[in-house]
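User: I'm new to reading protein models and would like to learn how to go through one feature by feature. Could you walk me through this one?

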Amino acid sequence: MRKKVAIIGASFRFPGSTSATFWQNLLEGHDFITQVDPSRWSRDAFFHPDKANPGTAYTLAAGTLGDISTFDAGFFSISPREAAIMDPQQRLLLELGWEVFENAGVKPSSVRG
């Protein structure tokens, strides 16, 4: 007998979209890949069309999440100093973990331990 799984909550971040607009954008065939924002790094210094050229990028295509600096460290009882040195992926994981509980209607304290 196969076990059935019910997805009762979801949380995600995708380039160029929000959780409210993602599915509609996907159905409409939107391309979420853009070019690297010029403020991230100097195109003149790092771009080279030959991918064999060391230390350079051969494409400007990117799937970025945009501004991820809005992490609410206090909400997670993390000091601003600790939050500043955390990997951005750790901050996103905390936010997404919390959001999935909210989306599912599950009180996080009910699964404590």
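User: Let's begin with contacts. Which residues does Arg91 touch, not counting residues up to four places away in sequence?

Analyst: This is a predicted model, and in it Arg91 touches Phe71, Ala83 and Met86 once those sequence neighbours are set aside. Arg91 has its place in helix H4.

User: How many salt bridges does the structure hold?

Analyst: The general idea is that side chains of opposite charge can pair when their charged atoms come close. This structure holds two salt bridges. In one of them, the side chains of Arg13 and Glu95 meet at 3.4 Å, N to O. Arg13 lies in the segment before helix H1 (22-27) and Glu95 in helix H4, so this pair ties together parts that are 82 residues apart in sequence.

User: And what about Arg13 and Glu99: how far apart are the closest N and O atoms?

Analyst: They are 2.9 Å apart, and Arg13 forms a salt bridge with Glu99. That pair also links distant parts of the chain, with Arg13 in the segment before H1 and Glu99 in helix H4, 86 residues apart. Because the salt bridges share partners, Arg13, Glu95 and Glu99 are joined into one network.

User: Which of those three counts as buried, and which as partly exposed?

Analyst: Glu95 counts as buried at 17% relative accessibility. Arg13 is partly exposed at 31%, and Glu99 is partly exposed too, at 27%.

User: Let's move on to rings. How many aromatic pairs are there?

Analyst: There are 11 aromatic pairs in the structure. Take Phe12 and Phe14: their ring centres are 5.1 Å apart and their planes stand at 45°, so the pair is tilted. Phe12 is buried, with a relative accessible area of 18%, while Phe14 counts as partly exposed at 35%. Now look at Phe76 and Trp98, with centres 6.5 Å apart and planes at 90°, so that pair is edge-to-face.

User: Which residues do ring pairs link into a cluster?

Analyst: Phe12, Phe14, Phe22, Trp23 and Phe32 are linked that way.

User: Which charged residues lie over a ring?

Analyst: Arg43 is one of them: its charged end sits over the ring of Phe47, 5.9 Å from the centre. Lys51 lies over the face of Tyr58, at 5.7 Å from the ring centre.

User: One more to finish. Where is Ala104, and what does it touch beyond four places in sequence?

Analyst: Ala104 is found in helix H4 and touches Ile8 and Gly9. It is partly exposed, with a relative accessible area of 24%.

Key
Residues numbered from 1 in each chain as written. Predicted model: local features only at pLDDT ≥ 70, side-chain atom pairs only at ≥ 80, totals over all residues. Heavy atoms only, no water. Phe/Tyr/Trp six-rings, centres within 6.5 Å; stacked < 30°, edge-to-face > 60°. Buried < 20%, exposed > 50% of the residue type's maximum accessible area, 1.4 Å probe, protein only. Lys NZ or Arg CZ within 6 Å of the ring centre and 35° of its normal. Helix = DSSP H or I, 4+ residues; strand = E, 2+ residues; numbered from the N terminus. Contact = heavy atoms within 4.5 Å. Salt bridge = Lys/Arg side-chain N within 4 Å of Asp/Glu carboxyl O.
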